Amino acid sequence: MKITHEKKLTGVVVALSGELGHREGMEAIAYISRIIDLYMPPALTLELSGLTFMDSSGIAVVMNAYRGMRQIEGKLRLSGAPESALKVFRCAGIDRIVKFQ
Amino acid sequence: MRNAVNQMSLTFPARSVNESFARAAVAAFAAQLDPTIEELNDIKTAVSEGVTNCIVHAYPKEKGTVALSASIDEKGGIEIRIRDKGCGISDVEAARAPMFTTGGAERSGMGFTIMESFMDRCQVRSTPGKGTLVVLYKQITPRLLGRRTP
């Protein structure tokens, strides 16, 4: 999996691409945690359009990002999630607590 | 599986690097049923959850192995068996509940819920100290243009 980030005026966009399973999920959680600590952004967008596979590890990635952003009173958004990832998120009710774009 | 028309089996170390190998192997085997992309994704996701459970939970001390097998029946269904010889699950009912995890913040506790939701059947047998067997089944919907015999 590839993880990149871009700082913008409105916040930070973290892009995840490739396959997101257990191993990659742990990497993503650590990466996003560092981004939140480093920039303390008002908004964090997880750009997911490049994901080719995601299991429940993606739920843990989003929940950790959600908790991190809530601690600094920032907002979390998900962008471009493929239909297969949306199915996993819906299964956990993520669509009820995080805004999808 | 009774009346299996094709089958395969694999054994590999319970290492995280093998999770993607396992789901890719089952997806390649299931491809002979001509599943839709969604059906194939469902199978890959369920296998990933089952194998991840073995990798994360089954062997807290010494790493063991995961035995994975898949069978195709004459009705066009696929049965997948994921077995470990690890620590087992003391309370299977609790483990199957949504959001239940003993794996820490990097786990969502949604593994069994996803296996149940994405497959037609999900059975779990576990004995503490001896291991766990997860049996998944999914019927692949016949396409309008027919399907080759597996």
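Accessible areas here come from the Shrake-Rupley method with a 1.4 Å probe. On that basis, the surface of chain B comes to about 7,500 Å², and 51% of this accessible area belongs to carbon and sulfur atoms. Please keep in mind that this is a predicted model.

**Fold of chain B**
- Chain B has four helices and five strands, arranged along the sequence as β-α-α-β-β-α-α-β-β.
- The radius of gyration of chain B is 15 Å, which agrees with the value near 15 Å for a compact globule because the chain has 150 residues.
- Its C-alpha trace spans about 50 × 25 × 25 Å along the principal axes.
- Of the 150 residues in chain B, 49% count as buried.
- Among contacts in chain B with a separation of 6 or more, 67% join residues 24 or more positions apart.

**Largest pocket**
- The largest pocket has a volume of about 590 Å³ and a lining of 32 residues.
- Nearest its centre lie N53(B), H57(B), I89(B), A95(B) and T102(B).
- Two or more lining residues each come from α2 (37-58), β3 (77-84), α3 (92-96), α4 (111-118) and β5 (131-139) of chain B, with α2(B) giving the most, six residues.
- By class, this lining has 14 nonpolar, 14 polar and four charged residues.

**Second largest pocket**
- About 190 Å³ of space lies in the second largest pocket.
- Helices α1 (22-39) and α2 (57-71) of chain A each supply at least two residues of its lining.
- Lining residues include I29(A), D37(A), R67(A) and Q71(A).
- This lining divides into five nonpolar, four polar and two charged residues.

Methods: Residues are numbered from 1 along each chain as its sequence is written. Chains are lettered from A and ligands numbered from 1 in the order in which they are written. This is a predicted model: local features need pLDDT of at least 70, side-chain atom pairs count only at pLDDT 80 or more; totals for chains, interfaces and linings use all residues. Side-chain values use heavy atoms; hydrogens and water are left out. On a 1 Å grid over the protein atoms alone, a cavity is a set of points where a 1.4 Å probe fits but cannot get out, and a pocket is an open set with protein on both sides within 12 Å along at least five of seven lines; lining residues have an atom within 4 Å of a point. Grid points are joined across faces, edges and corners, and a volume is the space filled by probe spheres set on the points. Ala, Val, Leu, Ile, Met, Phe, Trp, Tyr, Cys and Pro count as nonpolar, Asp, Glu, Lys and Arg as charged, and the others, Gly among them, as polar. The radius of gyration is taken over C-alpha atoms; the globule rule is 2.2 Å times the number of residues to the power 0.38. Buried means under 20% relative accessible area, exposed over 50%, partly exposed in between (1.4 Å probe, protein chains only). Contact means heavy atoms within 4.5 Å.
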